Amino acid sequence: MWRPPQKIKWKPKPGTWPSREQADASRLFSPLQRGPLALATRTWVPAMVPWRATEDGFVTQDNIDWYARFAAGRPGAVVLEATGIRDVPSGPLLRIGHDRFVPGLRRVVDAVREASGGETKLFIQLIDFLAIRRRPEPAKYFGRHLVVTERHRDALGLADAPEAAVRAALLALPDERLPEVLDASELEALRMGARERVTDVELPHVRELPRVLPDLFADAARRAREAGFDGVELHYAHAYTMASFLSARNTRDDGYGGSRENRARLPLEVLERVRSTVGNDYVVGCRYLSEDCIDGGSTVDDAIHFGVAFAKAGMDFLSLSRGGKFDDAKQPAIGASAYPYTGPSGYECMPAHVSDERGPFGRNFEPSARIRRAIRAAGLTTPVVVTGGVHGFEQAEALLASERADVVGFARASLADPDWFMKVRTGHGDAVAMCIYANYCEALDERHEEVTCQLWDRTALDEPGVRKTKDGKRRLTPPAWVAPD
C-alpha cells in the first residue's frame with residue numbers, strides 16, 4: 001500500500017471514556033428517527049468484505065457468525081458487505097442476483113436480530129462492478145491475448161511478416177519502447193491487467209448499463225426486503241460501476257457523462273427504480289465519495305452537488321467515504337489483479353498509522369461537513385453518516401455536537417473490537433481493544449484471505465468450538481467479552 005513520504009508515525013488517542021451515565025446522556029448513544037430510518041443509537045458499522053462466502057456467492061456459517069459477533073456489541077446499525085446484484089460468478093463474494101440467495105441472507109438477518117436483541121438494524125450494500133483481469137505473463141499476453149493489427153506491424157516494420165514473427169518481436173521489445181507500439185488500453189492490459197470502464201461504450205454491455213442497471217438494483221432491493229433486511233445501501237463509492245458514473249472522469253456522450261447532472265443521472269434513475277419497487281416505508285440510502293482523490297476526478301464540490309441531488313430525490317441516508325480508486329493503484333504482481341486501495345486514493349480511504357502531518361484520523365471529516373452543510377442549506381434533513389479513523393468517544397461526540405455528522409461510522413475500530421459500543425455505553429471504555437491502524441486487515445483483504453484483526457486472531461485458539469481460517473492459524477471471530485460485575 002502507498003504511504004505518504006513523510007512517514008510520520010501516529011498512535012490512536014481516544015481521549016477520556018465516559019461513565020455509564022455520561023454515555024446515556026450523550027448524542028452518540030441517542031436515538032435517531034428520520035422517515036423510515038430509525039436507529040437506537042447513532043453508531044454504525046460500515047460495510048467490510050470479510051471473504052467468508054462460498055465460491056458461488058452463498059452465505060456460510062462463517063458469514064453468520066461474523067455478523068452476529070458485530071451485532072452482539074449492539075451498534076445502531078450494521079451494513080452487510082458489498083453484495084453483487086448480478087447472477088454471475090464473482091468468487092467468494094456474497095451475491096443477491098437471484099432468489100436462490102435469499103434463504104441464506106435471511107439466516108444472517110435472523111442471527112443479527114437474535115444477537116442484538118432486536119436493537120441493531122441491518123442494511124445490505126448492493127454493488128455492481130465491471131470486469132478486471134489479472135496482470136498477465138508477457139509471453140501469454142503477446143503470444144495469445146493481444147489482437148495483432150496493422151498498427152503493430154507498421155510500428156515494428158514487419159508489414160509482411162507472419163503473425164508469429166510479430167508476436168515474437170513484441171515480446172522481445174524493451175519495456176521503454178512498448179508505448180511506441182501499444183495503445184493505452186493494450187499497455188494497461190499488459191502492465192496492470194485489462195479493466196473495463198464505464199466509458200468503454202464501444203462494448204455493447206457497457207453501452208447498455210443505463211438501461212440494465214436500474215432493474216438489477218431494484219430486483220436486488222426486492223430480495224433484500226424479502227430476506228428481512230431493514231434497508232439497502234446502494235454502493236456508489238470507490239472503484240466500482242456507479243462511482244465511475246459519478247466521477248469527473250466519466251466522459252460518456254450519451255447523456256450519462258460529462259456534466260454533473262449527466263453523471264448523476266443513472267444513480268438517480270437507479271434510486272427511482274429501487275424506490276418504486278420497495279416502497280417509501282423501506283430504508284434506501286447510499287455510500288458515495290466526498291472526493292475521488294485522483295487527478296481529474298470528482299472534488300468536494302462535485303460531491304456537494306450529488307449529495308443535495310440525492311437528498312432531494314429521497315435518499316434516506318448518505319454515508320460518506322473517500323478515494324479507493326483503480327486509477328492510481330500500484331502495479332500488481334503477475335497473476336494478481338489491481339487492488340484499488342494500494343495508491344494515494346486508496347490511502348485516503350484507509351489511512352494507516354504511518355502518515356503525513358494530517359495523520360490517519362478524520363481525513364474525511366471536513367469534506368463530509370461541507371456536504372452536510374450544503375444539504376441543510378437546501379432545507380433537507382437527510383442523515384449523513386461520517387466515517388474515517390473514528391476510534392474514540394470524544395472524537396465521535398464532537399462530530400455530532402458540531403453538526404458535522406448525524407451518525408458516526410466505526411469500521412476498523414469495530415473490527416478491532418466489536419464490543420466497542422457495548423463497552424463504551426456501559427462505562428467500560430478503558431476495556432476497549434484499540435485499533436492501531438497498522439492495516440493488517442487491509443493486507444488480508446488485498447490477498448482475498450479471511451479478514452481478521454491481529455489484536456485477537458491468535459487469542460485462545462484452543463477455545464472449544466472456535467472456528468478458524470482455512471490454514472487453521474487464525475480464529476475467525478474475537479472471543480466473547482464478559483462485562484465485569
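This is a predicted model: local features need pLDDT of at least 70, side-chain atom pairs count only at pLDDT 80 or more; totals for chains, interfaces and linings use all residues.

Student: Let's begin inside. Which residues touch the most other members of the largest nonpolar core?

Tutor: That core holds 101 residues. Helix H10, residues 209-227, gives the most to this core, with 8 residues.

Student: Take Tyr-236, then. Which residues does Tyr-236 touch, not counting residues up to four places away in sequence?

Tutor: Contact here means heavy atoms within 4.5 Å. With sequence neighbours up to four places away left out, Tyr-236 touches Met-242, Ala-243, Leu-246, Pro-267, Val-270, Leu-271, Cys-286, Arg-287, Tyr-288, Leu-289, Phe-310 and Met-315.

Student: And how many residues are in the second, separate core?

Tutor: Its members include Leu-146, Leu-156, Ala-161 and Leu-182. As for the count, this second core has 15 residues.

Student: How far apart in space are Phe-306 and Gly-57, C-alpha to C-alpha?

Tutor: In sequence, 249 residues separate Phe-306 and Gly-57. In space, C-alpha to C-alpha, the distance is 32 Å.

Student: What about a charged residue, Arg-372: buried or exposed?

Tutor: Arg-372 sits in helix H16, residues 365-377. Beyond residues up to four places away in sequence, Arg-372 touches Val-384, Glu-403, Arg-404, Ala-405 and Asp-406. With a relative accessibility of 7%, Arg-372 counts as buried.

Student: On to the rings. What kind of aromatic pair do Trp-2 and Tyr-347 make?

Tutor: The model has 17 aromatic pairs in total. For Trp-2 and Tyr-347, the ring centres are 5.6 Å apart and the planes meet at 75 degrees. Planes over 60 degrees apart fall in one class, so this pair is edge-to-face.

Student: How many residues apart in sequence are the parts that this pair ties together?

Tutor: Trp-2 is in the segment before strand E1 (8-9), while Tyr-347 belongs to helix H15, residues 344-349. Trp-2 is partly exposed at 33% relative accessibility, whereas Tyr-347 is buried at 0%. The parts tied together by Trp-2 and Tyr-347 are 345 residues apart in sequence.

Student: And what is the arrangement of Phe-58 and Phe-101?

Tutor: Phe-58 is in the loop between strand E4 (43-45) and helix H2 (61-72), and Phe-101 is in the loop between strand E5 (77-84) and helix H3 (102-116), 43 residues apart. Phe-58 counts as partly exposed at 27% relative accessibility, while Phe-101 is buried at 2%. Their ring centres are 4.7 Å apart with the planes at 40 degrees, so the pair is tilted.

Student: Which residue has the charged end of Arg-265 over its ring?

Tutor: Elsewhere, Arg-52 lies over the face of Trp-66, at 4.2 Å from the ring centre. The charged end of Arg-265 is 4.2 Å from the centre of its ring, and that ring belongs to Tyr-256.

Student: Last one: which helix gives the most to the lining of the second largest pocket?

Tutor: That pocket has about 580 Å³ of space. It is lined by 22 residues, with Arg-133, Tyr-141, Ser-185, Ala-189 and Ala-194 the closest to its centre. Two or more lining residues come from helix H4 (138-145) and from helix H8 (184-191). The biggest share, 4 residues, comes from H8.

Methods
Residues are numbered from 1 along each chain as its sequence is written. Side-chain values use heavy atoms; hydrogens and water are left out. A nonpolar core is a set of buried Ala, Val, Leu, Ile, Met, Phe, Trp, Tyr and Cys residues joined through side-chain atoms within 4.5 Å. Buried means under 20% relative accessible area, exposed over 50%, partly exposed in between (1.4 Å probe, protein chains only). Rings of Phe, Tyr and Trp (its six-membered ring) pair if their centres lie within 6.5 Å; planes under 30 degrees apart count as stacked, over 60 as edge-to-face and the rest as tilted. A charge sits over a ring if NZ of Lys or CZ of Arg is within 6 Å of the ring centre and within 35 degrees of the ring normal. On a 1 Å grid over the protein atoms alone, a cavity is a set of points where a 1.4 Å probe fits but cannot get out, and a pocket is an open set with protein on both sides within 12 Å along at least five of seven lines; lining residues have an atom within 4 Å of a point. Grid points are joined across faces, edges and corners, and a volume is the space filled by probe spheres set on the points.
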